[in-house]
Amino acid sequence: MSRSVASLFTAHPATVGETYLQHLHSATKFSVLMFCGAAACLVHAVLPFAFVRTGSSMIERLHHMMITARARHAGGK
């Protein structure tokens, strides 16, 4: 099955109701937040008194963001 080069960049974002640039922004924000959460977890591993709830709070925040985006997309259909 042959797909155009443009569709390689737009097919997945369309499935979540986003343009390529909107998806780029969302995925980048998600990535930065995941990185910060991972860094906090790493520091917490060495210093158990630091960032006690940061990792789990970040997971909850990212989950909420994902569910909100899905609901928004489902409502837009």
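This is a predicted model: local features need pLDDT of at least 70, side-chain atom pairs count only at pLDDT 80 or more; totals for chains, interfaces and linings use all residues.
Helices, in what follows, are DSSP runs of H or I with at least four residues, and strands are runs of E with at least two, both numbered from the N terminus.

Residues are numbered from 1 along each chain as its sequence is written, and side-chain values use heavy atoms, with hydrogens and water left out.

I begin with the overall form. The protein chain has 3 helices and 0 strands, arranged along the sequence as α-α-α. Its radius of gyration is 17 Å, whereas a compact globule of 77 residues would have one near 11 Å; the radius is taken over C-alpha atoms, and the globule rule is 2.2 Å times the number of residues to the power 0.38. Along the principal axes, the C-alpha atoms fill a box of roughly 50 × 30 × 20 Å.

How much of the protein chain counts as buried? The figure is 13% of the 77 residues, where buried means under 20% relative accessible area, exposed over 50%, and partly exposed in between, with a 1.4 Å probe and protein chains only. The protein chain exposes about 6000 Å², of which carbon and sulfur atoms supply 71%. These areas come from the Shrake-Rupley method with a 1.4 Å probe; for residues, only the protein chains shown count as cover. As for contacts (heavy atoms within 4.5 Å), among those between residues at least 6 apart in sequence, 43% join residues at least 24 apart.

I turn now to the surface. V5, L8, F9, Y20, L21 and L24 form a nonpolar patch with about 620 Å² of accessible area together. Helix 1 (5–15) and helix 2 (20–46) are the elements that give two or more residues to this patch. A patch is made of residues with over 30% relative accessible area and no salt bridge; nonpolar side chains (Val, Leu, Ile, Met, Phe, Trp, Tyr) are joined within 5 Å, and like charges within 9 Å.

Which aromatic pair does the structure hold? F9 and Y20 form an edge-to-face pair, 5.7 Å centre to centre with 80° between the planes. The pair links distant parts of the chain, with F9 in helix 1 and Y20 in helix 2, 11 residues apart. Rings of Phe, Tyr and Trp (its six-membered ring) pair if their centres lie within 6.5 Å; planes under 30 degrees apart count as stacked, over 60 as edge-to-face and the rest as tilted. F9 is partly exposed at 46%, and Y20 is partly exposed at 36%.

F51 is found in the loop between helix 2 and helix 3 (54–75). Phi of F51 is near 55°, a positive value in a residue other than glycine. Most residues other than glycine have a negative phi. F51 counts as partly exposed, at 42% relative accessibility.

The salt bridge count comes to 1, a salt bridge being a side-chain nitrogen of Lys or Arg within 4 Å of a carboxyl oxygen of Asp or Glu. R53 forms it with E60, the closest N and O atoms being 3.6 Å apart. R53 is partly exposed at 47%, and E60 is partly exposed at 48%.

Finally, I return to G55. Is G55 buried or exposed? At 14% relative accessibility, G55 counts as buried. The C-alpha atoms of G55 and M34 are separated by 9.0 Å, although the two residues are 21 apart along the chain.
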